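Please look at the sequence and the model below. The paragraphs that follow go through selected parts of the fold and one contact between chains.

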2 protein chains.
Amino acid sequence: MTARAMILFAHGARAASWAAPFERLRGLTQARLPDLDVSLAFLELMSPRLPERVDQLVAQGVADIALVPVFLGQGGHVLRDLPLMVEELKVKYPALRITVATAVGESPEVLNAMADYCAAALAPTP
Amino acid sequence: MTARAMILFAHGARAASWAAPFERLRGLTQARLPDLDVSLAFLELMSPRLPERVDQLVAQGVADIALVPVFLGQGGHVLRDLPLMVEELKVKYPALRITVATAVGESPEVLNAMADYCAAALAPTP
């Protein structure tokens with residue numbers, strides 16, 4: 001059996017508080033996938049960065065990584081920076097399998113939940 | 001009756017494709033609030049910027065704006081840049097009511113929908 005892991009890939013920010021919903025998302029996803037290691041990794045400003053996290057997982061014997069970009073829009077970070085990093089990781093670890101999911105913002109269910117939230121955010125007329 | 005509007009406030013990016021899920025979110029929210037003008041405004045790199053959009057709405061007679069930050073993490077943009085912009089707008093338009101919701105990433109329902117998506121993104125073992 002191949003050891004598998006999931007990485008939730010997020011942007012990162014200077015304010016430590018920024019990561020809070022991503023930590024909650026990690027816990028919720030981990031609860032849905034109890035047999036898998038689910039961890040966060042960041043593009044910049046926060047640790048671990050994606051290549052560092054992959055190094056750690058490979059050192060632990062993980063041979064199959066599912067990567068989910070936790071981004072709403074697919075801009076340069078998802079369309080250019082991430083594929084470049086994944087290519088470099090594949091060169092570094094030829095035996096490693098890495099699958100990259102579409103960004104969470106492309107999910108109709110996520111967008112519907114956000115629309116519900118926005119509609120509910122309408123304050124009552126004073 | 002006070003004319004009201006909702007602004008979904010997002011970061012903006014260089015790639016035009018980045019805005020696609022935000023446009024979809026705008027449509028979904030507009031469908032839930034058919035009596036309200038729901039529009040997007042951006043912090044940077046895309047138009048309209050937030051102050052520009054507020055100018056337009058005030059010129060149309062809107063006196064009450066519900067602003068929802070479409071951000072996952074609450075970092076400097078939501079905690080510092082946005083309140084500064086809102087303060088400037090309140091100075092410019094003293095009669096205007098602006099309410100600012102918590103960022104969408106704080107919604108448990110949004111996080112649950114994202115966790116469902118992440119768990120489903122696990123590719124089958126080849």
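B:Pro48 sits in the loop between strand E2 (37-42) and helix H2 (50-59) of chain B; helices (H or I, at least four residues) and strands (E, at least two) are DSSP runs, numbered from the N terminus. The bond joining B:Ser47 to B:Pro48 is a cis peptide bond, with omega about -5 degrees. In chain A, A:Pro48 is placed in the loop between E2 and H2, and the peptide bond from A:Ser47 to A:Pro48 is cis, with omega near -5 degrees. That loop of chain A also holds A:Leu45, which has a positive phi of about 70 degrees although it is not a glycine.

This is a predicted model, in which local features need pLDDT of at least 70 and side-chain atom pairs count only at pLDDT 80 or more, while totals for chains, interfaces and linings use all residues. Residues are numbered from 1 along each chain as its sequence is written, chains are lettered from A and ligands numbered from 1 in the order in which they are written, and side-chain values use heavy atoms, with hydrogens and water left out. Chain A has a mean pLDDT (the predictor's confidence in each residue, from 0 to 100) of 94, and 97% of its residues reach 70 or more. For the complex, the predictor gives an ipTM of 0.94 and a pTM of 0.93.

Chain A contains an open sheet of four strands in the order E2-E1-E3-E4, with parallel pairing; two strands pair if DSSP finds at least two bridges between them. Its edge strands, E2 (37-42) and E4 (97-100), each pair on one side only. Within the sheet, strand E1 (residues 4-10) and strand E3 (residues 64-69) of chain A pair in the parallel sense over six bridges, and A:Phe9 stands opposite A:Pro69 in E3(A). Helix H3 (residues 76-92) of chain A packs on the sheet, touching E1, E3 and E4 of chain A (contact means heavy atoms within 4.5 Å), and its direction makes about 170 degrees with that of E4(A).

Between the chains, helix H4 (residues 108-120) of chain A and helix H1 (residues 20-32) of chain B pack at about 50 degrees, with their axes 9 Å apart. Axes are lines fitted to C-alpha atoms, for helices over the stretch in contact, and angles run from 0 to 180 degrees between N-to-C directions. H4(A) and H1(B) are therefore oblique to each other: angles under 35 degrees count as roughly parallel, over 145 as roughly antiparallel, 65 to 115 as roughly perpendicular and the rest as oblique.
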